[in-house]
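Thanks, everyone. Let me walk you through one model, from the sheet to the packing on it.

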Amino acid sequence: MAMHACLSNAISIRFSSLDTLRSPGLINDVSARRRNASPICCSFKRKTGFVEQILDYIEGGPKLRKWYGAPDLRPKNEEFAEEEDESLEEETRDAILVTNGDSEIGQMVILSLIVKRARVKSLVKDKRAAVESFGTYVESISGDTRDKSFMKKALKGVHAIICPSNEGFFSEIGSMRGVQHIVLLSQLAVYRGSRGIQALMNDKVCKLAEKDEAAIIASGIPYTIIRAGLLQNSPGGQQGFSFKEGVAAEGKLSKEDAALICVEALDSAPRTGLIFEVANGEKVVLDWKECFASLMNEGGLLQ
């Protein structure tokens with residue numbers, strides 16, 4: 001089955017109910033039903049729900065936590081010992097940093113990465129809420145992104161950054177030493193295509209988006225800039241895609257589909273950079289690696 005269809009079927013409907021997923025009452029209810037379940041064996045396997053899958057990740061113990069990418073829970077004295085030896089060890093860069101992790105689309109990206117068993121770090125405004133939402137599966141970090149020492153800590157161990165529509169981020173953070181790939185979900189084409197009073201309202205964010213793209217291009221780090229159509233709160237996996245030049249200014253893109261494209265882009269880092277437009281359309285993507293390779297071969301740069 002196609003990667004897009006598989007991932008969309010796993011998370012598309014559930015993304016629209018993130019608040020329900022975070023509800024302690026719902027998780028407690030699922031746990032109670034498990035404890036009171038009848039021991040009678042059935043001749044068929046019931047499909048596991050998304051909440052139960054997340055509960056499996058949380059309750060599954062060290063082995064399952066390791067399988068799904070969550071860090072092992074260690075005694076504090078071991079953590080302190082590791083911190084003391086950090087300067088003596090070569091840094092391992094295997095984490096993906098998601099900016100704007102509090103946003104709806106940021107959480108969609110994070111959940112997609114958890115499903116792929118990736119090590120995730122996330123910049124958030126409300127660390128407590130983020131920890132309640134994702135537990136040990138995400139290292140949530142809160143602070144001033146203009147602070148060089150904070151960003152050095154945030155980027156520690158990070159090999160890739162996904163920035164889902166967080167205008168102004170890259171024009172402020174400065175050095176991204178050690179990062180090997182940047183994925184930016186940009187609404188620049190939408191801002192540039194707006195007219196009348198909407199153009200005036202978008203003027204500030206348009207300039208920030210332009211600065212972000214310029215900063216990424218000048219960084220020397222391989223980048224993928226996804227200029228998406230107007231982001232919509234609609235189910236993903238229901239439509240195909242269009243990658244034609246100019247489509248982003250007039251078209252629309254499901255947030256779930258946008259999150260999927262950001263995550264899939266991680267497996268297709270360009271040598272230098274790739275910029276392309278995308279909106280929902282008629283083209284069915286069966287293999288995202290082939291899709292990105294095709295965009296690179298076509299020159300895909302729309303600067």
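Ground rules. This is a predicted model, where local features need pLDDT of at least 70, side-chain atom pairs count only at pLDDT 80 or more, and totals for chains, interfaces and linings use all residues. Residues are numbered from 1 along each chain as its sequence is written, and side-chain values use heavy atoms, leaving out hydrogens and water.

Start with the sheet. It is open, has eight strands and mixed pairing, and its order is β3-β2-β1-β4-β5-β6-β10-β8. Helices (H or I, at least four residues) and strands (E, at least two) are DSSP runs, numbered from the N terminus. Strands pair if DSSP finds at least two bridges between them. β3 (138-141) and β8 (240-242) are the edges; each has a single partner strand, so one side of each has no neighbour in the sheet. From one strand to the next, the twist averages 25 degrees. Axes here are lines fitted to C-alpha atoms, for helices over the stretch in contact, with angles from 0 to 180 degrees between N-to-C directions.

Take one pair. β1 (95-98) and β4 (158-164) run parallel, over four bridges. Leucine 97 sits opposite isoleucine 161 in β4.

Now the helices. α14 (255-265) packs on the sheet and touches β4, β5, β6, β8 and β10; contact means heavy atoms within 4.5 Å. Its direction makes about 165 degrees with that of β5. α15 (288-297) lies across β6, β8 and β10, at about 120 degrees to β10.

Buried means under 20% relative accessible area, exposed over 50%, partly exposed in between (1.4 Å probe, protein chains only).

Cysteines next. There are zero disulfides, meaning cysteine sulfur pairs within 2.5 Å. For cysteine 262, the nearest cysteine sulfur, that of cysteine 163, is 9.0 Å away. Cysteine 262 is buried at 0%.

Last, the rings. Phenylalanine 241 and tryptophan 288 are edge-to-face, 5.3 Å centre to centre and 75 degrees between planes. Rings of Phe, Tyr and Trp (its six-membered ring) pair with centres within 6.5 Å; planes under 30 degrees apart are stacked, over 60 edge-to-face, the rest tilted. Phenylalanine 241 is in β8 and tryptophan 288 in α15, so the pair ties together parts 47 residues apart in sequence.
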